Every structure is written in C-alpha cells, then in structure tokens.
Amino acid sequence: THVAGSLLGTGAASGGQYRGTAPGARLVFQSIMTAYSTLALPDDLNDFYRPPYDLGARVHSDSWGSAVAGEYSSDSMTSDEFIWDHPGLLVAYAAGNDGGDYDWSGVVDPLSLDAPASAKNVLAVGASESGRPPGTGGMTGRTYGNAWPSDFPIEPLTDDWISSSPGDGPQGLAAFSSRGPAADGRTKPDLVAPGTDVVSVRSRASSSTGWGVLGANTNYCFMGGTSMATPLAAGCATLVRQYCV
C-alpha cells in the first residue's frame, strides 16, 4: 500500500498534499506472496513480467529482492531476458537494505546489492536521505547507531541522523542502503531516490504504523528503505514516458 501510494496515490485523504509522483497513472498489482505468507514467485521471472505487460503496464516497480551480495542470480538472468525481449518496458528494483559497517571501519561496506537488482537491464534504486530535519516525525529524531547499533557501531555513522545530513549540502546515501558494485564489478545501484521517512498511504487492513503515523492523519505513515525509494523513481520514469510518448 505504501509503495503504491508513493508511485501513483492521488492524495485524496490529505487534500492532495501527499500525492504520488505519477498520480494520474493506472496500477496493475501483483503479489509475490500467497494468502499463507509463502512466496508465490515463479522460478522463471519471464512468467512474472508477462501478465502485467499483456495488460499494458510498461513501468514495473519492484520493492523486493534476495540478499545475494551482488551475485547475478537466476532471477537476474530471467529479468534481463524479458527486458531484452521487450525493450519498451522499464523494470525498477530496490537495491536492498543490507548496508552496514560490519568491519568497524566507520564506512559502509561494499558488495551488499540484492538480486534481481543485480541484473544488467533493470534500474537498481538505492535510498538517499530525505532531508527531513530531526524531530519532524517518523525516525527523523534518531541516528543510525541508535536505531541499528549492531549495523553501525562506531562514528561517524553511529551519530549520523537517519534522514538528514549536516549543513546545507546534498543529502547522503542512507547508511542502510545496499551498495555495489555487483559481484562482477558493474556499477550499481543505477540511481538513488529519497528512502528515509517517506510519507505515503497507510494500509487500513494492517495495524502497522511503519516508522510512525503522520500526526492526526492516520491515513498516512512514515516508512523507509530502498523499497520506498524505488516507487518514487518509477513514478518519475512514468512521467518521462508520458512526456516522450
């Protein structure tokens, strides 16, 4: 629900304030889980992309993946196959949330990219900090070390605000965002989009509040991750496609 709202929500429950990046788009929804919370993905992802493509979808936003340390998996291969055979389709994948300073160097470790984000023909999307000042909702008032102490044990990462960087400069890459390169040396992710304390639609079918509800308007909540960054990038790509076509 949250990622769909980021891509094409109309903002109807907020007077149009919290709209997605492409609010006029239409949605084909696919679940990768069954009603019993087991994976429902086919072994060959050609079979995954075909149904929405046949229904007219040309931008495919995917906020899921497997932690494979940048390896080129069978899911990466079959994703590349379908996109090669259907060049009018853009497939965007979350890079993953496996970033961490596990060697205690003070720098986020490389080679944590998920698959199918490791594919060659997909748009792999990392998460940048959103620039929200500390104390403005969600997890803006927490640091990486406070939220995930075992992942970011020492300075400067442990004391870095989750959603903002010091000064007026550009926001940095979120510390939890998976890094490249791919295992074969290719540069990944391909781009980044805001992925910390992103405000979007909250599901009425769930009691979850994500990273925190948006004040009195409980129809929206904060969430973070490359899963939140990906639909923002996919929505921008949808607008580009609309302009060009």
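Colleague: What should I know before reading the model?

Modeller: This is a predicted model, where local features need pLDDT of at least 70, side-chain atom pairs count only at pLDDT 80 or more, and totals for chains, interfaces and linings use all residues. Residues are numbered from 1 along each chain as its sequence is written, and side-chain values use heavy atoms, without hydrogens and water.

Colleague: What volume does the largest pocket have?

Modeller: First, the general idea. Rolling a probe the size of a water molecule over the atoms shows where empty space is left. Here a 1 Å grid over the protein atoms alone is used; a pocket is an open set of points where a 1.4 Å probe fits, with protein on both sides within 12 Å along at least five of seven lines. Its volume is the space filled by probe spheres set on the points, which are joined across faces, edges and corners. The largest pocket has about 1,300 Å³. It has 44 lining residues (an atom within 4 Å of a point). A4, L7, L27, V28 and S61 are the closest to its centre.

Colleague: Which element gives the largest share of that lining?

Modeller: α5, with 7 residues. Helices (H or I, at least four residues) and strands (E, at least two) are DSSP runs, numbered from the N terminus.

Colleague: What about the second largest pocket: which residues are closest to its centre?

Modeller: That pocket has a volume of about 200 Å³. Of its 14 lining residues, R19, R132, V198, V199 and L232 are the closest to the centre. β7 gives the most to this lining, 3 residues.

Colleague: Is V199 buried or exposed?

Modeller: Buried means under 20% relative accessible area, exposed over 50%, partly exposed in between (1.4 Å probe, protein chains only). V199 is buried, at 13%. V199 sits in strand β7. Beyond its neighbours within four places in sequence, its contacts (heavy atoms within 4.5 Å) include H2, R132 and F222.

Colleague: What is the strand order in the open sheet of 4 strands?

Modeller: Strands of a sheet pair through backbone hydrogen bonds, either parallel or antiparallel. Pairing needs at least two bridges found by DSSP. Here the order is β1-β3-β5-β6, with parallel pairing. β1 and β6 stand at the edges with a single partner strand each, so one side of each has no neighbour in the sheet. β3 and β5 pair over 3 bridges. A94 stands opposite V125 in β5.
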